[in-house]
Amino acid sequence: MDKLRRMRLAKDAMDRDWADPGLDLDAVAACAGYSRYHFLRAFKDAYGETPGQYLTHRRIERAEEMLRCANLTVTEICTLVGFSSLGTFSARFKARTGLTPSDYRATYVGRDASLIPGCYAMLWAGGFSTARSEKRSGPRPAYGDDRESAPTDRTTSTADRRTEP
């Protein structure tokens, strides 16, 4: 497998799992099949930035989108995009955009703009667990099978029911 293809696999993994705070250099390097230090050098040669810088840019892009569209606090957005420290998030956000997250929201969100409710944004971003671990005890009856139905005469055809003028 050639070098560029391996770098694309690692970059795809970062694009797919950008919100995972457990995504680290070792995990991404494993996707490419390199050791962490060899991967770091190869990624920078291929894309002009380190994997950490690339991942931070992706997370900041997602945070910008959430700040413009979602009715979530800065702290909620910080954790949803994969940062574990609000201070680090704010510093990196300001370095990338020139504004703090709060200033960014004030600048780019109109006063009359309706934001997406936070509960929907968190559900979309994976902030809520929707899977259930308990299983159903057994098959349930289909709709209408649980009630008694009156017998009907289904032997007459549509032609028999028609009346001639």
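The lining of the largest pocket comprises seven nonpolar, one polar and three charged residues; Asp, Glu, Lys and Arg count as charged, Ala, Val, Leu, Ile, Met, Phe, Trp, Tyr, Cys and Pro as nonpolar, and the others, Gly among them, as polar. The model is a predicted one, in which local features need pLDDT of at least 70, side-chain atom pairs count only at pLDDT 80 or more, and totals for linings use all residues. Residues are numbered from 1 along each chain, and side-chain values use heavy atoms.

Begin by selecting Met14, Leu23, Asp24, Leu25, Asp26, Val28, Arg36, Leu40, Pro51, Gly52 and Leu55, which line this pocket. Its space is about 190 Å³. Next, colour α2 (25-32), α3 (36-47) and α4 (51-69), each of which supplies at least two lining residues. Helices here are DSSP runs (H or I, at least four residues), numbered from the N terminus.

Proceed to α6, residues 86-97, whose 12 residues reach 16 Å from first C-alpha to last. At its start, select Ser85: a side-chain oxygen lies within 3.4 Å of the backbone nitrogen of Gly87. After the helix comes Gly98, with a positive phi near 85°.

Finally, colour by pLDDT, the predictor's confidence in each residue, from 0 to 100. The protein averages 78, and 65% of the residues score at least 70. Among the elements, α6 has the highest mean (95) and α9, residues 158-161, the lowest (52). Over residues 128-136 pLDDT stays under 50. Where pLDDT is low, the predicted coordinates should not be read in detail.

Methods:
The expected span of a helix is 1.5 Å times one less than its number of residues. A polar contact is a pair of N or O atoms within 3.5 Å; within protein, one must be able to donate a hydrogen and the other to accept it, and residues adjacent in sequence count only if both atoms are side-chain atoms. On a 1 Å grid over the protein atoms alone, a cavity is a set of points where a 1.4 Å probe fits but cannot get out, and a pocket is an open set with protein on both sides within 12 Å along at least five of seven lines; lining residues have an atom within 4 Å of a point. Grid points are joined across faces, edges and corners, and a volume is the space filled by probe spheres set on the points. Contact means heavy atoms within 4.5 Å.
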